[in-house]
Amino acid sequence: MTDATAGQPAARPRREKTSLLTQDGRTKRRNAAETRFKIYGIIAISIGLLFLMGMLITIISNGSRAFTQTFITMEVTLDEAVLDKNGNRDLADIRRVSTFGYAPLINAALENKVQDLGIETLLEDGAAMRAIMSASAAAQLRDYVLSNPDQIGETVEFQFLASSRVDGYLKGRVTRESIARDRNISSAHLLLIDDLMEQGTVERSFNLGFITGTDASESRPEQAGIGASMIGSFFMMLVVLALSLPIGVAASIYLEEFAPKNLFTDFIEVNISNLAAVPSIVFGILGLAVFIQFAHLPQSAPIVGGLVLTLMTLPTIIISTRASLKAVPPSIRDAALGVGASKMQSVFHHVLPLAMPGILTGTIIGLAQALGETAPLLLIGMVGFIASEYPDGFVGGFLDPNSAMPAQIFEWAKRADPAYYERAWGGIIVLLVFLMTMNLIAIILRRRFERRW
Amino acid sequence: MSFVKLTASAVAIAAVSATAASARDQVQVAGSSTVLPYASIVAEAFGENFEFPTPVVESGGSSAGLKRFCEGVGANTIDIANASRAIREREVQACAENGVTDIIEVRIGYDGIVFASDVNGNSFEFTPEDWYKALAAEHFIDGQLVANEFTTWNQVRADLPNQEIQAYVPGTKHGTREVFEEKVILQGCEDGGFLQAMLDSGVDEDTAESNCMSLRTDGRSVDIDGDYTETLARIDANKDGIGVFGLAFYENNTDTLQVATMSGVEPTVATISSGEYPVSRPLYFYIKKAHIGVIPGLKEFAEFFVSDEIAGPSGPLAQYGLVSDPELASTQQLVADENTMGSSM
């Protein structure tokens with residue numbers, strides 16, 4: 001080396017002597033290039049932040065309205081002549097009165113309310129005014145009567161949901177101009193709502209039903225909630241966790257610590273990386289063919305969704321687990337082996353505990369990814385009018401038809417009534433809160449247990 | 001090792017669930033996304049009023065629904081397929097090959113197909129002939145097929161507005177497409193005398209009809225494979241667009257859409273049920289007879305679906321936009337008697 005450098009200077013042109021304090025043209029150019037690069041970086045980050053801000057603002061401004069709902073408070077007389085003709089309070093008889101039988105009671109209650117408050121309206125009777133109320137009112141009334149048959153004959157105060165058009169009017173989504181050709185509601189209804197608002201009968205308040213409720217049909221978006229599909233997502237995540245964590249960890253420990261390095265294990269390794277890049281819809285088709293058509297598992301059941309998402313999450317977990325096993329310094333293994341531990345003892349007593357934070361972080365990120373996945377669920381029958389009932393117990397949670405949060409959002413976004421569009425945005429907020437919580441847990445775990453060597 | 005136990009128990013759970021899968025206590029429905037809103041309304045009311053669990057209604061399109069319906073008999077297949085068109089002979093055969101022989105066909109009512117554009121744009125008064133001329137791939141002029149070169153509506157007919165032709169039509173997997181082709185495009189081809197001209201020139205009937213019904217592919221007619229919400233979004237983005245919608249969808253979105261008349265008739269529930277508005281189609285659902293008595297609540301659900309309270313002119317389905325069937329009573333009888341397709345024909 002010294003010979004080579006000794007011969008060089010003669011060949012090179014002599015450099016001028018310069019002060020470190022004055023910059024020559026070359027240094028200036030280099031510094032300028034660095035400054036430019038920093039500016040590019042800042043621009044890139046600002047654009048990213050701008051998109052994020054735009055997204056969050058859109059989501060929150062569109063979705064926050066789903067968390068409030070318009071309610072109408074009124075007293076309903078539970079007429080014995082309608083609800084229990086025989087007067088014997090026999091549940092079987094009371095059950096025979098369908099929700100259609102309850103409608104006249106609500107119409108009468110609405111008409112009374114308007115008359116009591118002394119409101120003038122162009123609508124001639126309760127049936128005509130009914131458009132301001134949700135179709136769910138009759139079902140709510142019937143459920144109350146079936147669980148409290150002793151209240152028949154009494155007058156009870158209820159808080160009913162207002163119809164989606166009325167709700168939209170209070171939220172500014174529906175205006176007098178926009179309903180000009182609407183068959184479901186007229187400006188007379190909106191006038192009536194204005195008057196009822198003044199009297200305090202109609203009010204907009206927090207809507208717990210959106211977070212805890214079940215899906216509703218197209219005719220009553222005001223009643224729909226994301227609760228049932230949240231349970232569906234929960235059971236799916238249970239399946240994913242129970243399967244992919246042990247399988248993924250066992251597979252990566254074997255591959256990383258025990259397996260011989262040969263062509264076969266290389267082949268497996270390449271395939272795991274490939275699987276991680278397979279589009280999720282492929283797993284959906286696979287799930288449909290294997291779990292439903294071949295293994296005859298029930299359609300639309302969270303267990304099938306969980307199995308499909310397990311397939312999708314496994315490669316992610318294996319890759320992150322192997323990375324965190326690799327990050328444990330070989331000196332730890334050597335030390336354990338040196339004091340006489342078996343290979344297995346060194347892995348389970350020393351390497352695995354040190355790799356745990358990384359494994360858990362990878363698992364949580366994998367779960368969060370699975371939680372937000374929609375595409376494979378489309379193929380196993382989780383989109384439609386599915387999450388209409390809460391599952392029946394723990395086993396039912398796995399087997400009863402249910403939807404998942406992202407699939408429910410997708411379904412709402414498709415529906416005709418614009419009120420459902422608002423709910424889709426609201427659902428996105430709920431989903432984002434879950435994802436952020438999971439990521440936060442992952443960060444906290446990493447911070448608390450991370451070791452540096 | 002604790003994770004070995006965990007894996008073992010997870011496998012056990014999967015095994016138990018696989019055996020439990022044979023029992024099913026709720027009705028499963030799949031099929032047309034046009035029928036989905038109606039079926040979901042009925043399913044919800046059924047769940048409220050009966051002791052049975054709320055039926056599950058999946059969407060996916062008429063053809064996909066019927067395909068799953070025909071996969072076979074048993075608790076892991078669906079009980080009811082919704083369709084926005086009648087079942088095809090081919091599908092009946094496919095069903096029979098898989099052992100699905102007794103099918104009950106139930107017509108629930110009629111659905112209007114409307115043409116709507118942006119609420120602030122031009123108003124349109126269409127005839128089927130306009131649509132044929134605007135969207136056909138090739139026109140038959142002087143004995144030969146010439147590529148369609150119309151770019152604005154007023155070239156099609158002088159009294160239509162001067163607006164770019166941009167149509168969003170349902171994709172081929174939708175039952176709506178078939179109705180659109182037959183009742184609008186083919187009808188327009190016939191009304192304008194183009195079909196007759198082709199036949200006179202010695203073209204056989206099938207070729208002539210398919211010439212009539214092939215739509216242009218230069219981007220002026222766009223197939224929408226998604227739902228009506230996608231069509232709505234396209235019109236929102238391109239104000240010149242005219243979309244094909246179901247009447248119920250239009251009625252829920254009158255604030256953003258205006259409807260065009262067809263042959264001078266405005267589509268409403270009244271004009272469709274009287275037959276004045278020409279573009280409508282019946283909606284059906286198909287029941288697997290072998291499942292009646294096996295799946296609890298199946299027959300009750302079917303009967304509830306076509307009951308006067310639900311499907312009648314003042315029921316919730318009509319409220320939502322279904323044109324109720326004037327022959328509902330005979331449909332109710334058909335469901336009560338469990339008349340299958342073969343026996344009623």
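Domain bounds here come from an automatic or database domain assignment. On that basis chain B is divided into domain 1 (24-110 + 282-344) and domain 2 (112-280). The structure is a predicted model, in which local features need pLDDT of at least 70 and side-chain atom pairs count only at pLDDT 80 or more, while totals for chains, interfaces and linings use all residues. Residues are numbered from 1 along each chain as its sequence is written, and chains are lettered from A and ligands numbered from 1 in the order in which they are written.

Of the 345 residues in chain B, 48% are buried. A residue is buried if 20 or more other C-beta atoms lie within 10 Å of its own, exposed if 12 or fewer, and partly exposed in between, with C-beta atoms placed from the backbone.

Two residues are in contact if their C-beta atoms, placed from the backbone, lie within 7 Å. Among contacts in chain B between residues at least 6 apart in sequence, 74% join residues at least 24 apart. The C-alpha centres of the two domains of chain B lie 30 Å apart, and 16 residues of domain 1 of chain B are in contact with 15 residues of domain 2 of chain B. On the domain 1 side, helix 3 (62-69) and helix 15 (316-320) of chain B are the elements that give two or more residues. That side divides into seven nonpolar, eight polar and one charged residue. In this classification Ala, Val, Leu, Ile, Met, Phe, Trp, Tyr, Cys and Pro count as nonpolar, Asp, Glu, Lys and Arg as charged, and the others, Gly among them, as polar.

Chain A also has two assigned domains, domain 1 (67-206) and domain 2 (227-449). Their C-alpha centres are separated by 45 Å, and five residues of domain 1 of chain A are in contact with four residues of domain 2 of chain A.

The contact between the chains takes 42 residues from chain A and 42 residues from chain B. Helix 11 (227-258) of chain A is among the elements that each supply at least two residues of the chain A side, and with six residues it gives the largest share. By class, the chain A side has 23 nonpolar, eleven polar and eight charged residues. Strand 4 of chain A and strand 2 (residues 56-58) of chain B pair in the antiparallel sense over two bridges; strands count as paired if DSSP finds at least two bridges between them. A:Phe385 stands opposite B:Val57 in strand 2 of chain B.

A nonpolar core is a set of buried Ala, Val, Leu, Ile, Met, Phe, Trp, Tyr and Cys residues joined through C-beta atoms within 7 Å. The largest has 159 residues, of which B:Val42, B:Phe285 and B:Tyr286 touch the most other members. Helix 11 of chain A gives the most to this core, with 13 residues.

Confidence is given by pLDDT, the predictor's value for each residue, from 0 to 100. The mean for chain B is 87. Within chain B, helix 1 (residues 2-20) is lowest, at a mean of 51, and helix 13 (residues 298-305) is highest, at 94.

Technical notes: Helix = DSSP H or I, 4+ residues; strand = E, 2+ residues; numbered from the N terminus.
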